[in-house]
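Student: I would like to learn how to read a few features of a two-chain model. Could we go through them one by one?

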Amino acid sequence: MRRSLSEWRRGALGLTVLAFLVMAGGPAVAQAPKPGGQANVAFSARLETLNPPLINTSLGARIAQHMFETLTTVDDDGRVRPLLAERWAASPDGLTWTFTLRRGVRFHDGTPFNAQAVVANFNHVLDPNLKYGRAGEYPVLKRTEAVDEHTVRFHLSQPWGPFPAYLTRPFAGAQVSPAAIAKGPEFLARNPVGTGPFKLEKFVPGQELLVARNDAYWGKKPYLDRLRFVMIPEAGAREAALQAGDVHLAVPLPPQFERTVSGNPALQWRADRGSRLVYVGINMFRPEFQDFRIRQAMDLAIDRDAILANFLRGLGRKPRSYVQSVAFGFLPVSEYPFDPARAAALLKEAGWTKGKDGILEKAAGEKFPQIVFRVFQGRVIGDLQAAQAVAGYLQEVGFPVVLRQLEHNVHFAEAQKPENKTPQAISQLSLASIGNSVMDGSHTLKLFDFRRPIADAAFSWYHEQDVWPYVDTMLQQSDPAVRLEAIRAAQKLMVPKSVWLPLYEVDQTAGVSKALKGLKVGMDEGYWLWEAWLDK
Amino acid sequence: MLPLILRRAVEAVPTLVLVTVTVFLVVHVIPGDPALFLAGDQAREEDVAGVRRHLGLDRPYHLQYLGYLGRILRGDLGYSFTTRTAVADVIAPRVWPSVQLALAAMTLAALLGLATGIVAALRPHGWIDTVVSTVSLLGVTVPTFWLGLMLMWLLAVHWQLVPSFGTGTWKHVVMPAITLGAAPLGIIARLTRSEMLEVLQQDFIRTAWAKGLARHVVVLKHALRNMLLPAVNFVGMQIGIALGYAVVTETVFAWPGLGRLLIDSVTVRDYPTIQGLILLFAAVFIALNVVVDGVAMWVDPRTRHAG
């Protein structure tokens with residue numbers, strides 16, 4: 001027993017020493033950032049201009065945000081936080097918002113950032129002569145007023161609760177030097193003058209962007225001397241550049257590269273939670289889709305777990321609602337079970353049974369109208385494969401689905417056609433996706449408000465009025481508790497109606513060199529290198 | 001030579017006008033709406049309409065075309081829809097990378113193609129001929145995309161001999177030039193072999209051998225010049241194609257050339273840039289035709305009196 005106790009003591013001593021060594025080794029593991037160096041990033045988006053309201057990809061805008069800043073920023077928990085504005089408040093009637101700006105901030109050209117600069121920026125974006133499409137991001141903004149040097153007031157035509165969240169939008173919300181704005185859009189395309197932690201060194205449109213540390217930055221200065229963003233449209237070439245050590249970050253990389261990237265000890269595979277929801281829109285103007293049982297049968301016929309496992313290699317999440325699970329107000333409403341037997345029962349209840357040819361038909365022999373399922377490829381991970389699987393599942397229960405693959409631009413334009421909003425429209429489903437850059441449930445749910453048709457709403461075709469009061473509340477009220485209630489209530493109303501067929505929430509996947517430390521990944525394709533450093 | 005150039009310049013005018021009409025019609029007929037794309041996902045109908053008005057797309061087609069033609073005559077290619085900068089400024093930085101790549105690829109293809117074709121023809125059905133035929137067949141049939149990625153893995157990732165992307169040094173050109181030049185190299189090698197075999201059977205070659213001329217004189221001076229014409233024509237046209245349509249190679253290697261710009265512009269329906277590029281390509285093809293004709297006249301005097 002004594003021997004045994006002695007052994008215990010020795011063991012305990014050993015463990016203590018080991019623990020001490022581990023603790024002593026702790027600081028060595030959490031290394032201190034090393035300043036200097038240049039990080040290279042390969043990315044897929046087309047970046048032809050650096051004039052924020054004309055940048056047309058989310059990834060391109062996020063890259064530009066290394067130079068530009070917005071008045072507010074949004075955390076991954078959906079909370080709006082100060083950036084160039086320190087605080088803000090809405091008037092009791094919700095028609096004016098007053099923002100107090102950060103002091104001591106200068107644009108890269110030395111121009112002071114102040115209330116006049118903010119006014120110049122919003123006047124520029126909303127300038128009727130320039131006709132920026134991005135003006136639509138601030139649909140109720142009437143006028144911007146400089147109250148004093150550091151106070152700016154926004155006058156709205158109607159109350160807008162999530163207004164501070166929309167100021168985070170990197171397209172129309174980016175703050176540009178008024179001196180640069182005065183030189184016109186042609187100058188702005190090549191000369192980005194923001195307040196951000198990096199400033200322009202070289203921009204070759206469609207090829208590369210080189211930015212250098214802004215030593216006069218008002219906030220925490222970056223560790224890296226330079227960042228080079230290289231546009232490599234081909235995913236295989238991006239991965240090869242990463243494997244060759246020519247870039248430190250390749251973004252995005254589709255799931256099929258997970259194995260090769262993980263197999264290289266110098267690299268790391270990253271799959272970060274994203275805010276993009278892939279769904280199928282249903283043309284609710286068609287008589288057959290106005291029957292709730294038909295829509296629910298489609299919902300039940302899709303095996304989302306199988307789609308996630310087979311086409312996304314698990315790099316995504318099964319949806320539980322129409323609001324993205326990372327957004328403010330998300331409420332899990334449905335488990336989205338795969339139940340083809342229940343789907344068949346619902347169809348039978350609606351008068352449709354599978355005929356000899358496997359197509360749904362009514363007792364009188366009437367065939368179910370052919371459904372055109374418009375899809376695209378390459379916009380979101382697994383998009384085409386998932387759509388093909390959905391078509392297969394729907395055919396399995398008897399829907400005569402024909403897949404029509406379109407180029408994304410054509411797909412978008414086809415959905416906007418006014419004839420879609422009539423019962424004479426062709427019977428159609430549309431593959432679509434929606435990100436949530438403002439991390440607010442209203443960003444997605446407003447698509448169901450037929451009074452406020454925006455381009456992204458064209459895949460929904462929902463035109464009932466029952467959701468309007470909730471949308472009004474979530475958009476017009478500024479009290480978070482009231483808004484939360486409205487966002488949740490709208491989900492409880494809409495999800496059981498099966499007006500969308502949500503498929504999956506997709507992760508953001510990338511390959512990273514282990515030498516690159518401190519990379520932060522936001523929910524909406526934001527790969528932030530502000531605090532990154534190179535361990536070399 | 002000068003009359004030829006002048007004649008071709010005059011002939012080019014109606015061709016270019018026809019090109020403007022065709023391109024204008026094609027870009028406006030293909031589905032997709034540039035205003036929608038530019039306005040963004042949050043745009044309201046009035047925003048999209050505003051963008052459409054700003055771009056002049058709400059005007060009748062004939063007025064749009066006449067406006068476009070008028071600008072072209074003033075030497076103005078218009079403004080890019082996406083960047084709102086002059087189309088000439090969008091295209092100009094892409095010209096040199098494309099020229100560089102096209103010349104490197106075609107030089108490689110022409111020199112290696114001719115050399116291997118001649119060697120194969122001198123020993124028909126021998127092992128060299130078999131190797132040349134097999135390799136040239138591979139060059140023609142292997143997909144450009146696959147070849148580019150394989151080269152990248154071998155030369156940039158495994159051996160790290162050249163950078164995987166970018167421009168600026170000769171090392172950057174190696175992989176794109178091999179990728180782009182592989183197919184024309186194969187064709188030139190096969191073309192040279194068959195032409196050379198035919199020429200070597202001709203009486204004047206037999207006479208040259210009978211005169212006791214050295215082998216290199218017979219092959220390079222007498223035979224080569226007589227079989228060069230098809231290869232010159234082929235290389236001339238291939239330079240034009242490589243300049244404007246090397247889309248796959250440019251995409252794989254992120255090469256900032258004209259082909260990629262064209263595809264990007266088509267994707268976002270940037271009509272002025274598409275029109276400017278096609279007009280440029282048409283002008284380049286016309287100019288190359290003149291050059292090829294000139295070279296043909298120099299290589300084969302018989303063509304000076306033809307047509």
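Tutor: Gladly. Let us start with contacts: two residues are in contact if their C-beta atoms, placed from the backbone, lie within 7 Å. Keep in mind that this is a predicted model, where local features need pLDDT of at least 70, side-chain atom pairs count only at pLDDT 80 or more, and totals for chains, interfaces and linings use all residues. Residues are numbered from 1 along each chain as its sequence is written, while chains are lettered from A and ligands numbered from 1 in the order in which they are written.

Student: Which residues does Ser164(B) touch, not counting residues up to four places away in sequence?

Tutor: On chain A, Ser164(B) touches Ala240(A), Ala241(A), Ala244(A) and Asp246(A); on chain B, Met152(B) and Ala156(B). Helices (H or I, at least four residues) and strands (E, at least two) are DSSP runs, numbered from the N terminus. In those terms, Ser164(B) sits in the loop between α7 (144-158) and α8 (170-200) of chain B.

Student: Is Ser164(B) buried or exposed?

Tutor: A residue is buried if 20 or more other C-beta atoms lie within 10 Å of its own, exposed if 12 or fewer, and partly exposed in between. Ser164(B) has 29 such atoms within 10 Å, so it is buried.

Student: How do I read burial for a whole helix?

Tutor: Look at α9 (residues 292-301) of chain A: seven of its 10 residues are buried, so the rest of the structure largely encloses it. Among them are Ile294(A), Met298(A) and Leu300(A). The cover over the buried residues of α9(A) includes β12 (267-282), α11 (340-349), α12 (383-396) and β19 (500-513) of chain A.

Student: How do I read a sheet?

Tutor: Strands of a sheet pair through backbone hydrogen bonds, either parallel or antiparallel. Here, two strands pair if DSSP finds at least two bridges between them. In chain A, four strands form an open sheet in the order β4-β5-β7-β6, with antiparallel pairing. Its edge strands, β4 (85-90) and β6 (141-148) of chain A, each pair on one side only.

Student: What packs on that sheet?

Tutor: Helix α3 (residues 115-125) of chain A does, touching β5 (96-101), β6 and β7 of chain A, and its direction makes about 165° with that of β6(A). For that angle, axes are lines fitted to C-alpha atoms, for helices over the stretch in contact, and angles run from 0 to 180 degrees between N-to-C directions.

Student: How would you describe chain B overall?

Tutor: Chain B has 13 helices and zero strands. Its C-alpha trace spans about 85 × 55 × 30 Å along its principal axes. Of the 307 residues in chain B, 44% are buried. An automatic or database assignment sets domain bounds, and chain B is divided into domain 1 (2-73) and domain 2 (94-267). The centres of these two domains of chain B, taken over C-alpha atoms, are 36 Å apart.
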